[in-house]
Amino acid sequence: MKIKFIGVGSAFTTRQYFQSNLLITAGNGRNMLIDCGTDIRFSLSECLSISENHVSDVIDSVYVSHLHSDHIGGMEWLAFQSYFSQRPNRPGLFMEESTMYEMWDCSLKAGLGCIEGKQMHLTDYFRCNAVAGDGVFLWEGIFFTLVKMPHIITGYKNFYSYGLLIEEAGTDGKGCGEKFFFTTDTQFTRKLIMDVSDNVSVIFHDCETSPGKSMVHAHYNDLCTLPSELKRKMWLYHYQPDPVPRPEDDGFAGFVTKGQEFVSHRTEQEKSTRRVSKTSKV
Ligand SMILES: [Zn+2]
């Protein structure tokens with residue numbers, strides 16, 4: 001499995017960084033987008049070095065963490081582009097269940113709700129898989145576990161983003177290899193991060209680097225207060241253009257750079273199990 005950052009910036013970023021969306025490539029070569037923001041066709045085209053016209057053809061599925069436009073602003077494009085493609089396809093869609101309904105009702109339905117001569121629904125464009133807020137789904141041999149992250153707390157209607165624990169599935173149906181934690185957009189939440197990150201090899205953490213704190217994203221200065229064993233495995237993304245700090249000096253793994261790729265390695269035990277089962281099949 002490969003995890004590639006096709007963008008690392010905030011919602012109001014520039015082409016130099018692009019919005020923080022990811023591409024996960026499974027062992028069989030299939031691709032899943034993790035979030036699909038307004039600049040997705042440009043970021044994906046640049047990342048994969050293919051034309052913007054054909055970029056949707058390589059997407060098997062998409063996961064959406066929450067409903068801000070740097071995470072869903074490209075969904076109408078992906079839906080129409082896939083539906084009306086020379087080779088029409090219906091990408092898989094994985095989302096927390098209530099967020100999926102809200103995305104359709106409050107955002108996408110206005111543009112995607114009809115085409116000439118036909119009423120349309122989300123399921124006409126996507127193979128929809130609604131997932132419980134603390135649920136797990138399996139895609140192409142990879143486990144994804146949702147983690148509910150506080151993004152905007154109003155006290156009336158709170159707005160959550162669903163982060164992901166990502167781990168390859170072994171032949172025994174359990175996780176094998178490194179476990180990655182991708183926070184998606186989140187406030188700074190010390191206890192939750194420490195609880196979730198216990199058996200995690202790599203943490204990708206939302207990090208704002210603006211002079212002031214928005215409070216809806218974890219600020220760099222607050223992340224600096226985390227224990228050093230946590231910071232060592234923490235890569236920071238979703239930062240503002242031209243960030244000033246040098247994360248390595250403060251004990252972090254670093255800022256993720258646009259296009260940076262992380263590869264998951266299976267455990268030696270899993271590799272040998274796979275070798276044996278392959279040989280015995282022959
Ligand atoms: Zn957001």
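Analyst: Two strands pair if DSSP finds at least two bridges between them. Helices (H or I, at least four residues) and strands (E, at least two) are DSSP runs, numbered from the N terminus. The model here is a predicted one, in which local features need pLDDT of at least 70 and side-chain atom pairs count only at pLDDT 80 or more, while totals for chains, interfaces and linings use all residues. Residue numbers start from 1 along each chain as its sequence is written.

User: How many helices and strands are in the protein chain?

Analyst: The protein chain has 9 helices and 16 strands. Its C-alpha atoms fill a box of roughly 60 × 60 × 40 Å along the principal axes.

User: What radius of gyration would a compact globule with 282 residues have, and what does the protein chain have?

Analyst: The radius of gyration is taken over C-alpha atoms, and the globule rule is 2.2 Å times the number of residues to the power 0.38. For 282 residues a compact globule would be near 19 Å, and the protein chain agrees, because it has 19 Å.

User: What is the strand order in the open sheet that contains β13?

Analyst: Strands of a sheet pair through backbone hydrogen bonds, either parallel or antiparallel. In this case the open sheet has 7 strands in the order β9-β10-β11-β12-β13-β14-β15, and the pairing is mixed. β9 (136-139) and β15 (254-255) each have a single partner strand, so one side of each is left without a neighbour in the sheet.

User: Which strands in this sheet run parallel to β13?

Analyst: Strand β12 (residues 175-182) is joined to β13 by 3 bridges and runs parallel; here F180 stands opposite V202 in β13. β13 also pairs in the parallel sense with strand β14 (residues 234-237), over 4 bridges, and D206 stands opposite Y237 in β14. By contrast, β9 and strand β10 (residues 142-152) run antiparallel and are joined by 4 bridges. The bridge partner of W139 in β10 is I142.

User: What is the strand order of the open sheet that includes β16?

Analyst: That open sheet also has 7 strands with mixed pairing, in the order β8-β5-β4-β3-β2-β1-β16. β8 (127-131) and β16 (261-263) are its edge strands, each pairing on one side only. On average, neighbouring strands of this sheet are turned by 20° against each other, direction ignored (axes are lines fitted to C-alpha atoms, for helices over the stretch in contact, and angles run from 0 to 180 degrees between N-to-C directions). Strand β5 (residues 92-96) and β8 run parallel, joined by 5 bridges, and F94 stands opposite N129 in β8.

User: How many residues of strand β13 are buried?

Analyst: A residue is buried if 20 or more other C-beta atoms lie within 10 Å of its own, exposed if 12 or fewer, and partly exposed in between, with C-beta atoms placed from the backbone. In strand β13 (residues 202-206), 4 of the 5 residues are buried, so the strand is largely enclosed by the rest of the structure. Of the 282 residues of the protein chain, 39% count as buried.

User: Which residues have the most contacts inside the largest nonpolar core?

Analyst: A nonpolar core is a set of buried Ala, Val, Leu, Ile, Met, Phe, Trp, Tyr and Cys residues joined through C-beta atoms within 7 Å. The largest one here has 64 residues, and C36, V62, Y63, F204, L236 and Y237 have the most contacts inside it. β10 gives the largest share of this core, 6 residues. Beyond its neighbours within four places in sequence, F204 is in contact (C-beta atoms within 7 Å) with F180, F181, F182, T183, W235, Y237 and V256.

User: Where do the buried residues of helix α1 fall, seen down its axis?

Analyst: In helix α1 (residues 40-48), the buried residues are I40, S43, L44 and C47. They fall within an arc of 95°, so they line one face of the helix (the arc is that of the directions from the helix axis to the C-beta atoms). Among the elements covering them are β1 (2-5) and β2 (22-25). In helix α3 (residues 75-83), the buried residues include M75, L78, A79 and Q81, and their cover includes β4 (61-63), α2 (69-72), α4 (97-112) and α5 (122-125).

User: Is D35 buried or exposed?

Analyst: D35 counts as buried, because it has 27 C-beta neighbours inside 10 Å. D35 lies in the loop between β3 (31-34) and α1. Most residues other than glycine have a negative phi, but phi of D35 is near 75°, a positive value. E140, in the loop between β9 and β10, has a positive phi near 50°. E140 is partly exposed, with 19 other C-beta atoms within 10 Å.

Notes: Two residues are in contact if their C-beta atoms, placed from the backbone, lie within 7 Å.
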